[in-house]
Amino acid sequence: MKKQSILALFLALGGMQQVIAAEQTVPAKNNFTVPADETLKAKLPADILQRGYIVAGTNPNTPPTTFYQEDNKTLAGREIDIMSAVAERLGVQVQWHDTGGFDNIIPGLKSGRYDVALSNINATQKRLEQVDFVSYYDASRLGVISRKDASIPEFTELTQVCGKEIGAGAGTTQINRLNEASKACESQGKPPIKVAVFPDRPAGVQAVVSGRVPMFFGPYEGLTWQVKTVKPLTMSGQISVNDAPVSIAFPKDSQLEEAVQAALNSLIKDGTYQKILDHWSIGFGAVKESKRNQDIF
């Protein structure tokens, strides 16, 4: 493979995201502009009103969620557009930080390092013990990718691939789902699934491309993007789940939650929210209403 082709593939996978140091404030490209609502702005906590911005943490992965553009320093994606539109509706800005890993998100929120975090985070009851949530995307569709030349038959249940090795990102709900499916395989007298844990989605996708692991399990929208841009890949598995929506995460009992939820519902009502999702070709995951904490479940 030519040097230029290797670089293009690396960029498509988001593999150069580590060029930007974790915790550094990073620039972001916002594709939408929305007017402020003074009534909603009044819901903001006094400290955020005074400083004029919300500190947001994210773990860049691959399009269309959050990723580094080809300059390797500017963030873009669904999370960027959603949170930027929310902030604009509230009359403030967003200061973005790279968390340096998905596992760093909840500790960063608990320590007060971030006001919010957006990184394809599923709301779960276990996570709700540590952080709060405001929902914004239907996460009921997951995918499993493989190399085309592996000729893996299409499947819709993880128990259809007992005995195979499947990767997933560290700290994600996909790891738990693979472990549960592996136990189900054993209870049926079949060999367990070998679960390979990767630091992030780009690393897992690269492992599939290189042949190091046969499959990688993750969010359908992100893996669909990879299949479209990385020629060796195909979507072998489409898994329907009954998960709670992807949500914005907050420190427990954050005074910012009400304002963000109100702004999201305002964006849903005026059509901006749907336009953002359609821009990233993931309009199928739109929610009709943003909910908070226990109301999500």
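In which sense do strands β9 and β10 pair, and over how many bridges? Strand β9 (residues 165–169) pairs with β10 in the parallel sense, over 5 bridges. This is a predicted model, in which local features need pLDDT of at least 70, side-chain atom pairs count only at pLDDT 80 or more, and totals for chains, interfaces and linings use all residues. Residues are numbered from 1 along each chain as its sequence is written, and side-chain values use heavy atoms, with hydrogens and water left out.

**Sheet and helix**

- The open sheet has 5 strands in the order β10-β9-β11-β8-β12, with mixed pairing (strands are DSSP E runs of at least two residues, helices H or I runs of at least four; pairing takes at least two DSSP bridges).
- Its edge strands, β10 (194–198) and β12 (233–240), each pair on one side only.
- G169 has F198 in β10 as its bridge partner.
- Helix α7 (residues 173–187) packs on the sheet and touches β8 (141–147), β9, β10 and β11 (215–219) (contact is heavy atoms within 4.5 Å).
- The direction of α7 makes about 155° with that of β9 (axes are lines fitted to C-alpha atoms, for helices over the stretch in contact, and angles run from 0 to 180 degrees between N-to-C directions).

**Largest pocket**

- Among the 24 residues that line the largest pocket, T124, R127, G171, T173 and N176 are the closest to its centre (a pocket is an open set of points on a 1 Å grid over the protein atoms alone, where a 1.4 Å probe fits, with protein on both sides within 12 Å along at least five of seven lines; lining residues have an atom within 4 Å of a point).
- At least two lining residues come from each of α5 (105–110), α6 (125–128), β7 (131–137) and α7.
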